[in-house]
Amino acid sequence: MLSERGLQIVEKLIENNRVPITSKMLALYLGVSERSVKTYIKEVSDFCQEQGMTLERKPGIGFVADFTEEQIQQINTLKRNKKIVMSKKQRMAYIMYILLSGWNNYTLSLFSEELDVSKKIIGDDINTISRELRKYGIKINRVAGHGVFITGDEFSIRKAMKNYCTYALNSEEVKKVYDYRIRSEEEGLWINNYGKENFETAVEVIHSVEKVFQISYADYSFRMLMEYLCIQLFRMKMGNFITDDVVGVEVQLSNSSIIELVEDCYYKLRKITLDKFERQYIDILFASAAVQVNDNGFKAVVIEEYEEKNKNICMEMLEYLSEILNVNLTNNELLKTSLEGFLPQSLIRTAYGIQAENPFLGDIREMYSGIFATCFTLDKFYAQYSRKIPTDHEISFIALFLGGALHRNIKCVKAVLIGTSGIAAANIVARKIERVVDDVQITAIIPAEKLKHIDDYEFDIILSMLPDYEYQDKVVHISPMVSKADQKNIKDACFEVLTQSNSERNDFVEMIDRDHIMLVRHKTDRESILQEACRKLSTDGYVTEEFYKDVLKRENIEPTTIGNGVAIPHGMPENVIQPKIFVIKLTYPVNWGGKMVNVIFLLALNFNNIETTKAFFSDFLRIVSSEEKLDKIRNTDSAEQLELIIKEELHWI
C-alpha cells in the first residue's frame, strides 16, 4: 500500500536517485512537518522492501535511494494508475486500514492532508469507525501530540480487518491466476492490501495442505483461509502477534498434523516461527474450513463436541424445520448429508467469529427469501452449541440446502393452465413450465370459454394467461413467454402449497393487532424504530425491558434483512413473555446494515415454542416470498387496513 504522500516521497527519491535527501528537505517539498515525513517514510520503506527496491537511511546524511531504470518505470506506471480515495466508503476504508494495520502516529491533520478533506470530516469518519470497531472490543484512542491509534486484542483486530478492509488501497495489477477458486478482484484486494509475498505464501501453504492430505477445500473455505492467512502474515510482519489464549485450555479443533505442516511451510518459505498462540490461530482457521473432496477418510475436525453430536444436532434442526414448514425433511438423504457436512465447521466459525462468505447470498435472499427468513429461527441451535449468533452468510448456506431440497420434494403441485391463444400454443407454454419448474405438473389446459367448469378439475394452483381472472387465492398470472419473473411467482406458489399447514390459526390470530402496527411517515433510523417498538411491547407486557438491548445486540452482530426490503429483528426466547408480532411500515426506507428496508416484522417469539413459531412462519412465507403481497403492505395508509391485509395474506381470517 502506498498513499498519495508516500508516492510523492518516492517521486522525490527518484529525482534524487543515488543522492542523499534529508527529512527536512522532504518536509519542505511536501509542505508538512518533519514528524509527518517520518510517518510516511516508514510506509515508503515497507513499499520499497516489498518491491525489491533499495532505500537506505544513513544517519547524519539522509535517505539514499538506488532504483534501477526498470523500477523507476514501475513507479511511473503506478503514478498513472493511482486513484485518489474520494468516496466516503473508500475514505473510511482507508482510515480503517491504517488503524487496523498498526500505524500509531497518524493524526487528524495527516488524514486530512492525505485525503484532501477537512479535519471535521475526518473526525466524523473516525466517530463512525469507532462505533463499528466497538463490536470487536477495539477502541480508538486520540492522544494529543501522539495521534490516533487503536487498542484491542490481536485476534479481534484480524477479524475486523477481514470485515472492513474491503477496498484495494494500492493499484498493482495482478496478471497471474494463482488458483481458480480465487476471484480476480480478491487477488487484487489481498495483494495490494497485504503484500504479494504474503499472498503467495498463503497460496502455497494451502496447496501444500491439500497435496499432503489429498484433499480439496470448498471454494468458500479456500477463500476464507486465504484472506485470514494473508492478514496473519501481514500483521506479524508489522510486529503484531497474538499474546493470549484464543481457543481454550487443552482444546484441539483440527488435525494437529495440519498445524505442524503449516508451521513447517512458514519457516521454509519465510523463516517464520509460530508460538502456541499463533498455532491456535491456524488451528481455528483450518478447523473452520470445509473439505470438498474427502475420499481418503481425512477428518478435518476431530473435536468430540462437534464430531459426536453432529448427526444429532442436524436431526434436531431438520425436525424443527419440518414442523415449521409442514414438510418431512428428515428422510431427505441429500439434505441430511449436506447439512452434516456443513454444520461442524459452521459451528466452529460462529463460535470464534470467523467469517466465510457465501457468494450467492444476494441470490438466496431473492430466490429463497421466505426460507431464508425461516432459517433465522435456527439461531437458537447456534446459541446452544456455539454460544454465539451466526452471520447471515451461515444462515444463507442452510437456506440454499433447504431451498434445493424443497424444490426437489417428490410431492408435486398440480396446476391447470388457462390459455388465450388456442390449445396448441398453450401446450407449448405448459411443457416449458414443467421444464423450468420441477414442482409443477400441468393436469389440464382450459380455454377461456370453459372457465365456468374449472371446478371439475383437480388442482392446487391456477396458472392464468388471462390478466384479470381471479379464483380464491389460487391464481398465478403469467405471460406466454414464461419469463424469469413468472418462474419465480410459480415457484413461490408451489412452495406455499408444499409447506401450507391445515391447522387452525384461531389460537394465534391475536399475535398481530392494530395496536402493534406502526406507520412511520418521517425520516428516522434503525435504532429509534426498534427502541419505540420494543418500549411498546414491554409496556404492554409482551417482552421484558431487556428485549430492546437483546434485539439491538442481535442486529449489531448480523443484520436481519431477508431481501425484498424486509427485516425481521428478534431477540432471545428468555426475554419473550407472550408472543406478539410488531409490524412497522416506513414511508422513507432506512439503512439496515447496508440494505434499505421499508417493512419490518419485529418478532417477539419464543423460537423454542414450536407451535407459535410454526403458526407464524409457515404462513409468513406466503408474504415475504411475494413482491405483490409486499406491495399491498407498502401501499396501505392505516394500521387497520394493514392488519386486515396481513391477516388475509396469512389466511388467519
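Trainee: Why is Gln355 called buried?

Mentor: Buried is the word for a relative accessible area under 20%, exposed for one over 50%, and partly exposed for what falls in between, with a 1.4 Å probe and protein chains only. Gln355 has a relative accessibility of 15%, and therefore it counts as buried. Please keep in mind that this is a predicted model, in which local features need a pLDDT of at least 70 and side-chain atom pairs count only at pLDDT 80 or more, while totals for chains, interfaces and linings use all residues. Residues are numbered from 1 along each chain as its sequence is written, and side-chain values use heavy atoms, with hydrogens and water left out.

Trainee: Where does Gln355 lie, and with which residues is Gln355 in contact?

Mentor: Gln355 sits in the loop between helix H15 (333–352) and helix H16 (361–367), where helices (H or I, at least four residues) and strands (E, at least two) are DSSP runs numbered from the N terminus. Contact means heavy atoms within 4.5 Å, and, leaving aside neighbours within four places in sequence, Gln355 is in contact with Lys162, Asn163, Met224, Tyr228, Thr391 and His393.

Trainee: What makes Pro20 partly exposed?

Mentor: The relative accessibility of Pro20 is 36%, and so Pro20 counts as partly exposed. Pro20 belongs to the loop between H1 and helix H2 (23–30), and, leaving aside its neighbours within four places in sequence, Pro20 is in contact with Ile61, Phe63 and Val64. From C-alpha to C-alpha, Pro20 and Arg57 are 8.9 Å apart in space, although 37 residues separate them in sequence.

Trainee: Why is H11 described as largely enclosed by the rest of the structure?

Mentor: Of the 19 residues of H11, 17 are buried, so H11 is largely enclosed by the rest of the structure. In H1 the buried residues are Arg5, Gly6, Leu7, Ile9, Val10, Lys12, Leu13 and Ile14.

Trainee: What makes the phi of Gln214 worth a remark?

Mentor: Most residues other than glycine have a negative phi. Gln214 has a positive phi of about 55° although it is not a glycine, and its place is the loop between helix H10 (196–213) and strand S5 (216–217). At 53% relative accessibility, Gln214 counts as exposed. Asn564, which is not a glycine either, has a positive phi of about 60° and lies in the loop between strand S12 (561–563) and strand S13 (566–567); with a relative accessible area of 22%, Asn564 is partly exposed. Just after H11, Gly239 also takes a positive phi, of about 90°.

Trainee: Is Tyr94 buried or exposed, and how do you know?

Mentor: Tyr94 has a relative accessibility of 3% and therefore counts as buried.

Trainee: Where is confidence lowest, and where is confidence highest?

Mentor: pLDDT is the predictor's confidence in each residue, from 0 to 100. The protein chain averages 84, and 91% of the residues score at least 70. Confidence is lowest in strand S6 (residues 291–293), with a mean of 70, and highest in H11, at 95. Over residues 296–303 the pLDDT is below 50, and this stretch has 26 contacts in the model beyond near neighbours in sequence.
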